[in-house]
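I opened my notebook to look up a few things in one structure. Here is what I was working from.

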Amino acid sequence: MKGKLDAENYHGKKGGHFILGMAFGPFAMIGTALSNPTPEKGKRTYMMSENKANFNDLEYLSCYKKQAKRQLITMEGLGWATWILIVLL
């Protein structure tokens with residue numbers, strides 16, 4: 001639960017992934033699905049999280065990665081949908 005909340009609250013780059021979704025569509029989503037987000041890589045998570053002791057816990061990391069990927073892929077999907085709507089208009 002703590003990993004999921006940290007990813008929701010602190011994992012950044014959502015706006016950048018929206019732009020990636022607009023630019024590259026499904027290829028951006030595939031790249032994100034293959035990525036490995038960790039709390040140590042995210043400056044904001046590392047600075048703001050109160051759960052630094054859990055950064056090496058496998059269950060925490062699993063929940064963090066799933067939620068971070070879910071958020072970023074959702075933003076890329078929204079970017080891709082926006083691009084499609086712009087093209088159709």
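**Entry 1**

I started with Tyr-64. Leaving aside neighbours within four places in sequence, Tyr-64 is in contact with Gly-3, Lys-4, Asp-6, Ala-7, His-11, Pro-37, Thr-38, Pro-39 and Thr-45. Contact here means heavy atoms within 4.5 Å. I noted that this is a predicted model: local features need pLDDT of at least 70, side-chain atom pairs count only at pLDDT 80 or more, and totals for chains, interfaces and linings use all residues. Residues are numbered from 1 along each chain as its sequence is written, and side-chain values use heavy atoms, with hydrogens and water left out.

Is Tyr-64 buried or exposed? Tyr-64 counts as buried, because its relative accessibility is 0%. I wrote down the cut-offs: buried is under 20% relative accessible area, exposed is over 50%, and partly exposed is in between, with a 1.4 Å probe and protein chains only.

**Entry 2: aromatic rings**

How many aromatic pairs does a search of the whole structure find? The search finds two. Tyr-60 and Tyr-64 form a stacked pair, because their ring centres are 6.3 Å apart and their planes stand at 20°. Rings of Phe, Tyr and Trp (its six-membered ring) pair if their centres lie within 6.5 Å; planes under 30 degrees apart count as stacked, over 60 as edge-to-face and the rest as tilted.

I checked where the two tyrosines sit. Both Tyr-60 and Tyr-64 are in helix α5, four residues apart, which is about one turn of the helix. Tyr-60 is buried too, at a relative accessible area of 5%. Ring pairs join Phe-55, Tyr-60 and Tyr-64 into a cluster.

**Entry 3: the core**

Which residues make up the largest nonpolar core? I listed six: Ala-7, Phe-55, Tyr-60, Leu-61, Tyr-64 and Ala-68. Helix α5 gives the most to this core, with four residues. A nonpolar core is a set of buried Ala, Val, Leu, Ile, Met, Phe, Trp, Tyr and Cys residues joined through side-chain atoms within 4.5 Å.

**Entry 4: the whole chain**

I stepped back to the protein chain. It has five helices and zero strands. From the N terminus on, the elements run α-α-α-α-α. Helices (H or I, at least four residues) and strands (E, at least two) are DSSP runs, numbered from the N terminus.

The C-alpha atoms fill a box of roughly 50 × 20 × 20 Å, taken along the principal axes. Of the 89 residues, 31% are buried. Among contacts with a separation of 6 or more, 78% come from residues 24 or more positions apart. The chain exposes about 5,900 Å², and carbon and sulfur atoms supply 66% of that. Accessible areas come from the Shrake-Rupley method with a 1.4 Å probe; for residues, only the protein chains shown count as cover.

**Entry 5: more of helix α5**

Next I looked up Gln-67, which is in helix α5. Gln-67 is buried, with a relative accessible area of 7%. Leaving aside neighbours within four places in sequence, Gln-67 touches Lys-4, Ala-7 and Glu-8 by the contact rule.

Glu-76 is also in helix α5. Glu-76 counts as buried, because its relative accessibility is 0%. With neighbours within four places in sequence left aside, its contacts are His-17, Leu-20, Gly-21, Ala-28, Met-29 and Thr-32. Glu-76 and Gly-15 are 61 residues apart in sequence and 9.0 Å apart in space, C-alpha to C-alpha.

**Entry 6: the surface**

Trp-80 is in helix α5, residues 58–88. Trp-80 is partly exposed, at 31% relative accessibility. Which residues make the nonpolar surface patch of about 600 Å²? I found Trp-80, Trp-83, Ile-84, Leu-85, Val-87 and Leu-88. Patches are made of residues with over 30% relative accessible area and no salt bridge: like charges are joined within 9 Å, nonpolar side chains (Val, Leu, Ile, Met, Phe, Trp, Tyr) within 5 Å. A salt bridge is a side-chain nitrogen of Lys or Arg within 4 Å of a carboxyl oxygen of Asp or Glu.

My last stop was Lys-43, in helix α4, residues 43–48. Lys-43 is exposed, with a relative accessible area of 71%. Lys-43 and Gly-12 are 31 residues apart in sequence and 8.6 Å apart in space, C-alpha to C-alpha.
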